Amino acid sequence: METRKIAIVGAGISGLLACKYTLSKGLHPIVFESETSIGGVWTKTVETTKLQTPKPAYQFSDFPWPDSVTEDFPNGHQVLEYVESYACHFNLLKHVKFGTRVLSIGYDGPPAEAMQSWSLWGGDGMPFRSGGKWKIRVQDCLSLETETYEVDFVILCVGRFSGIPNIPEFPPNRGPEAFHGKVIHSMDYAAMDYQAAKEFVSGKRVVVVGLQKSALDIAMECSTVNGVERPCTVLYKTEHWNVPDYLPWGVPLALLYLTRFSELLVHKPREGLLLSLLATLLSPLRWAVSKFVESDIKRKLPLKKFGMVPKHSFLQEISSCAISTVPEKFYDRVEEGSIILKKALAFRFCEDGISINGEVEPLNSDLVILATGFRGEKKLVDVFESQLFKDCLSGSPNSIVPLYRECIHPRIPQLAVIGFSESVANLYTSEIRCRWLAELLAGTFKLPSIKKMEEDIEEWNKYMKRSSGQYYRRSCIGALHIWYNDQLCRDIGWNPKRKGGFFAELFEPYGPTDYVSP
Ligand SMILES: Cc1cc2nc3c(=O)[nH]c(=O)nc-3n(C[C@H](O)[C@H](O)[C@H](O)COP(=O)(O)OP(=O)(O)OC[C@H]3O[C@@H](n4cnc5c(N)ncnc54)[C@H](O)[C@@H]3O)c2cc1C
C-alpha cells in the first residue's frame with residue numbers, strides 16, 4: 001500500500017493527538033511547529049494561570065495525570081509537563097519539525113469549477129485521491145529559508161487562543177497611538193517571565209481590558225505588585241458567570257451539566273420529536289438548574305455589590321464556553337480596592353489613558369493590557385493560498401465556521417481542522433475528534449454527501465445561535481458533549497453508550513476515560 005503522508009500544522013495538544021492517532025493507523029505524519037517546543041498555549045501562560053477545567057476532564061484517555069500532581073486544577077507548568085510526558089511516552093517528538101512555520105498551503109488537484117460540482121467530499125467521499133496533493137510551504141524560523149512539502153492530507157491544529165491578537169477597533173487617532181503610556185496584549189504579558197512581568201507593572205496605573213481568564217489572572221498579579229496604592233482597573237463590556245469553584249451548593253457541576261440526563265433538558269440538533277418534547281417539558285427544570293448554580297455563585301461572590309450579576313443565564317454561559325474560574329481571593333482584592341471593576345460598553349484612547357463613552361473624566365493610566373482574546377479564525381483562514389478555500393472556511397459572518405463534526409469542511413478535500421470548536425474540556429474534545437479522524441483516514445467509514453453534511457452543519461449552527469447568543473462563533477459543544485460524541489461513535493462503529501447500566505448511563509458524568517477503548 002502507498003505510504004500516505006500527513007501534514008499536521010501545530011504541536012499543541014491537538015497536533016500531538018492528531019500525530020498519535022494517525023500513527024496508530026500506519027500513516028506518516030509530519031508535525032510542523034513554529035515554536036521550539038511542544039504544548040502550544042501551555043508554553044506561555046500568565047505565571048499564576050491554572051487549568052480551569054477539573055483535571056479528570058482534561059486528561060488523555062490512556063495517559064492519566066501522574067500521582068505527583070495532587071491539585072484538582074494544576075498550574076500551567078504542570079499542564080505543560082503532563083503534555084510533554086505524553087509526547088515522550090508515545091514517542092511523538094521525532095515526528096515534530098520544530099522552528100518551522102507553515103506559511104501557506106496550496107491544493108494541487110482538480111480545478112475549482114470541477115470541485116464545486118462535486119456531490120461527495122473530495123469527489124468520491126474518500127480522504128485521499130490520487131489526483132490531489134497539498135503543497136505545504138514552510139519557513140525555517142531561524143534561517144528564514146523556505147521549503148515545500150507535498151502531502152496527501154492536512155490536519156490544521158493551529159489553535160484558537162494564540163498567535164493573532166484580537167485588538168478592538170477604534171476611530172481614527174483614538175487608538176493606542178493617541179495614548180502617551182504603553183499598550184500591550186495579554187500575550188505579550190504572558191510571554192514575560194514572572195519577575196519581568198512584576199517589574200513591568202510595578203508602580204504603574206494599570207488598566208486590564210477584558211473579563212475572561214487572562215484578564216482576571218493579570219489583574220490579580222498587578223494588584224499583588226501594586227496593592228491599593230495603585231489599583232488595577234478591569235474594564236469589561238459584559239458581566240459573566242465566572243465561577244469560584246465547580247461545586248455549586250456542594251454538587252459537582254459535572255453532575256448538572258455533563259450527563260445524559262442534563263442533555264435531555266436541552267434542545268439538540270436533529271433531536272427528533274420525542275426528545276424535543278422532553279426538552280420542552282423539562283424546560284422548567286433546565287431553568288431551575290441554571291438558577292441553582294447562579295444562586296451559589298452569588299452566595300460565594302459579591303456580584304450584586306459590585307454590579308457584576310450577568311443578564312444572561314448560567315446555561316448560556318456554559319453553552320458558549322465563556323466560563324472562567326475566578327482566582328482565589330479576587331473579590332477580596334476588589335473589596336480592599338486594589339482591583340477596580342469598571343463597565344465600559346465602548347472606549348477609546350486619549351493622551352492620559354482611556355476615555356469611556358458617556359464619561360467626562362478620562363481613566364488615567366500608564367499601562368493598558370488588552371486581554372481581548374485572539375483571532376483564531378483568521379489564523380486558520382490565512383494559511384490557505386486559495387481564495388475559494390478561504391471563503392469556504394470563513395463561511396457567512398452570521399453563521400458558525402462550517403465544519404462537519406467540527407472537523408471537516410465539506411468543500412475542502414483532504415483536509416481536517418482539530419481544536420477550533422470549543423468545549424469546557426478541550427483536550428478531551430480534541431482527542432475524540434482525532435480518533436474519529438484517524439478512523440476516517442483508515443477507511444472505517446465514509447462521509448455522507450456534501451448536501452447532507454451541510455444540512456447537519458446548519459442544524460448545529462441553529463443550536464449554537466440559540467444556545468450561545470452573541471458567542472455562537474465559538475462553536476461551543478460544551479453543553480451537548482455526549483450528544484456530539486454519540487455521533488462520532490456511531491460514525492466509527494463504537495457503541496455510544498459507554499457506561500454499565502441504566503442509571504449510570506443517565507446520571508454519571510461522561511469524560512475522557514469513557515472513550516479509552518472502542
Ligand atoms: C490561558 C489559557 C487557559 C486555558 N485553560 C483551559 C482550560 O482550563 N480548559 C480547557 O479546556 N481549555 C483551556 N484553554 C484552551 C486551550 O487553548 C486548549 O485547552 C488547548 O491547549 C488548545 O490546544 P491546541 O493544540 O488546539 O492549540 P494551541 O495550544 O494554540 O497550539 C497550536 C500550535 O500551533 C502552532 N502553530 C500555529 N500556527 C502555525 C503555523 N502556521 N505553523 C506552524 N505552527 C503553527 C502554535 O505555535 C502552537 O504551538 C486555555 C487557553 C488559554 C490561552
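**Exercise 1. The ligand shell**

Identify which residues come nearest to the ligand in this predicted model, and which elements supply the shell around the ligand.

Solution. 
Step 1. In the predicted model, 36 residues lie around the ligand, and Gly-10, Gly-12, Gly-40, Gly-159 and Gly-419 come nearest.
Step 2. At least two residues of the shell come from each of helix H1 (13-23), strand S4 (100-108), H6 and helix H15 (426-441).
Step 3. Sorted by class, the shell has 15 nonpolar, 17 polar and four charged residues.

**Exercise 2. H1 against H15**

Describe how H1 and H15, which both supply residues of the shell around the ligand, cross and which residues make their contact.

Solution. 
Step 1. Two packed helices are described by the angle between their axes and the distance between the axes.
Step 2. For H1 and H15 the axes come within 9 Å, and the crossing angle is roughly 35°.
Step 3. The handedness of this crossing is right-handed.
Step 4. On the H1 side the contact is made by Ile-13, Ser-14, Leu-17, Ala-18, Tyr-21 and Thr-22. On the H15 side the residues are Leu-427, Ser-430, Glu-431, Cys-434, Arg-435, Ala-438 and Leu-441.
Step 5. The class count for this contact is eight nonpolar, three polar and two charged.

**Exercise 3. H15 against H17**

Classify the orientation of H15 relative to H17, then list the residues in contact.

Solution. 
Step 1. The axes of H15 and H17 come within 10 Å, crossing at roughly 20°.
Step 2. Angles under 35 degrees count as roughly parallel, so H15 is roughly parallel to H17.
Step 3. The crossing in which H15 passes H17 is left-handed.
Step 4. H15 contributes Ile-432, Trp-436 and Glu-439, while H17 contributes Asn-485, Leu-488, Asp-491 and Ile-492.
Step 5. Four nonpolar, one polar and two charged residues make up the contact of H15 with H17.

**Exercise 4. H5 against H6**

Determine the orientation of H5 and H6 from the angle at which they pack.

Solution. 
Step 1. Helix H5 (residues 194-201) packs on helix H6 (residues 213-226) at about 65°, and their axes are 9 Å apart.
Step 2. The range 65 to 115 degrees counts as roughly perpendicular, and H5 and H6 are therefore roughly perpendicular to each other.
Step 3. H5 and H6 cross in a right-handed sense.
Step 4. From H5, Ala-197, Lys-198 and Val-201 meet Glu-221, Cys-222, Val-225 and Asn-226 of H6.
Step 5. This contact of H5 with H6 comprises four nonpolar, one polar and two charged residues.

Methods
Residues numbered from 1 in each chain as written. Predicted model: local features only at pLDDT ≥ 70, side-chain atom pairs only at ≥ 80, totals over all residues. Axes fitted to C-alpha atoms, helices over the stretch in contact; angles between N-to-C directions. Helix = DSSP H or I, 4+ residues; strand = E, 2+ residues; numbered from the N terminus. Parallel < 35°, antiparallel > 145°, perpendicular 65-115°, else oblique. Left-handed = near helix turned anticlockwise from the far one by under 90°. Contact = placed C-beta atoms within 7 Å. Nonpolar A, V, L, I, M, F, W, Y, C, P; charged D, E, K, R; others polar. Near = placed C-beta within 6 Å.
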